[in-house]
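Reader: Could you walk me through how to read this chain? I'd like the general idea each time, then the case at hand.

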Amino acid sequence: MPAPTSNAPRPDHLPVVVIGAGPIGLAAAAHLVERGIEPLVLEAGPAAGSAVREWSHVRLFSTWGELVDPAAEKLLAPTGWVRPDTSAYPTGGDWGERYLQPLADILGDRICYGATVTGVARAGRDRIVDAGRDEQPYTVHVRFADGAEERLTARAVIDASGTWSVPGPAGANGLPALGEKTAADRISYRVPDLNDPSVRARYAGRRTAVVGSGASAFTALALLADLAGEEEGTHAVWILRRGLSASTYGGGEADELPARGALGLRAKAAVEAGHASAVTGFRTQAVEREGDRLVLVAEDGRRLDPVDEVIVLTGFRPDLSFLSEVRLGLDERLQAPTALAPLIDPNVHSCGTVYPHGVRELSHPDQGVYLVGMKSYGRAPTFLAMTGYEQVRSVAAAIAGDQEAAERVELTLPETGVCGGAGLFDEPENAEQSGGGCCAPAPTTLQIGLGAPAATASGGC
């Protein structure tokens with residue numbers, strides 16, 4: 001890793017710092033290399049795709065055909081790397097081992113592992129100072145796994161750190177429910193890996209509440225239903241903030257993503273078979289202990305029967321704490337870049353077209369800093385893999401000074417809806433208006449940490 005830079009070298013001689021060695025961060029590095037720009041990728045984890053590896057047991061809805069970035073494939077080609085079957089659905093583990101790690105190996109010492117970014121700012125300028133601000137490079141503060149700290153200098157910063165580290169809470173108002181933190185030993189925010197004996201033992205023969213209404217919740221319900229068929233006493237309680245409707249389980253057989261549609265149908269089958277029971281219109285306010293078990297309490301005062309475990313799958317949100325000294329233009333609702341937010345805002349629509357976009361939609365008042373990938377979507381629930389690759393292609397072109405290429409759209413997606421938003425408010429009586437059914441066929445979607453094709457995934461994962 002290069003030493004901290006001093007004496008204010010010319011900005012175009014500095015590296016571009018990429019935060020995160022996940023799929024989009026590595027793609028950003030590949031596009032920068034293609035442009036002759038040196039990237040320095042800072043990854044908090046011990047390996048490429050560290051977050052992806054945490055859900056290695058989960059199969060994606062996207063096929064290999066949509067999960068390989070073109071510039072990355074060019075880097076890999078001379079090594080003899082061959083793209084896997086384009087029609088197959090990889091697990092997170094497959095994606096990490098067969099694509100992300102080989103790509104990281106090619107990038108070599110351009111990636112620094114165990115490096116957590118703790119702050120980004122203009123050199124010598126906090127967010128208040130105007131004077132000379134635009135001429136200053138960026139300074140990036142890093143803490144390493146051994147506790148050492150360092151300050152790096154960069155010509156630009158691409159934040160591809162994702163949202164995996166900040167899951168949403170059970171509380172219906174966006175804050176943790178009362179008692180949620182103190183009950184942390186019985187609450188998980190991840191789709192369980194029931195192939196792990198210790199995880200399986202946690203849920204086998206027990207009553208588990210699943211909070212959430214998206215595909216992650218479908219996955220957990222399907223897995224627990226399979227477990228219920230093998231382990232007597234296993235039961236899931238599905239906590240929904242809205243009512244059941246024709247759209248509750250997604251598009252089913254009409255879904256353009258067959259894996260997603262099949263998963264919704266499996267969740268429906270789990271309820272109909274009695275392996276899961278649905279509690280509707282329940283907005284969690286508190287989590288109370290009752291002996292060794294937990295009781296969920298709603299805002300309207302309803303109390304559920306005690307459960308042994310709770311799985312909270314209410315989405316993710318970006319960590320903006322280390323960007324506090326950078327001037328960002330973010331939508332006040334989604335925490336996404338202001339120009340991008342209208343395309344993905346579920347407060348405006350429950351199904352909305354997300355067009356390919358690039359540097360124009362991703363720019364901020366401080367030029368040269370970009371949020372890309374899932375982090376660029378803020379709290380919006382759905383992210384398109386190919387859209388992320390198009391984002392970093394455009395950003396790399398802009399950093400290289402090729403404005404024409406930066407503004408050119410090199411990706412064509414069908415004009416379709418991104419479904420599953422709550423509409424203006426997810427009251428039970430609004431369920432019909434807030435679900436699917438208003439969408440045209442859906443584009444291939446990368447849903448981080450979500451489910452699998454029932455036909456190809458062991459245990460429905």
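This is a predicted model: local features need pLDDT of at least 70, side-chain atom pairs count only at pLDDT 80 or more; totals for chains, interfaces and linings use all residues.

Reader: How many helices and strands does the chain have?

Author: Both are DSSP runs numbered from the N terminus: helices are H or I with at least four residues, strands E with at least two. Here there are twelve helices and 15 strands.

Reader: What percentage of the residues count as buried?

Author: Buried means under 20% relative accessible area, exposed over 50%, and partly exposed in between, with a 1.4 Å probe and protein chains only. Of the 461 residues in this chain, 55% are buried.

Reader: Which residues touch the most other members of the largest nonpolar core?

Author: A nonpolar core is a set of buried Ala, Val, Leu, Ile, Met, Phe, Trp, Tyr and Cys residues joined through side-chain atoms within 4.5 Å. In the largest one, with 79 residues, they are L26, W95, Y99, I158, V372 and I399. A second, separate core of 22 residues includes L40, V117, V140 and F322.

Reader: And where is Q335 found?

Author: Q335 sits in the loop between β14 (309–312) and α8 (341–344). Its phi is near 60°, a positive value in a residue other than glycine. Q335 counts as partly exposed because its relative accessibility is 22%.

Note on methods. Residues are numbered from 1 along each chain as its sequence is written. Side-chain values use heavy atoms; hydrogens and water are left out.
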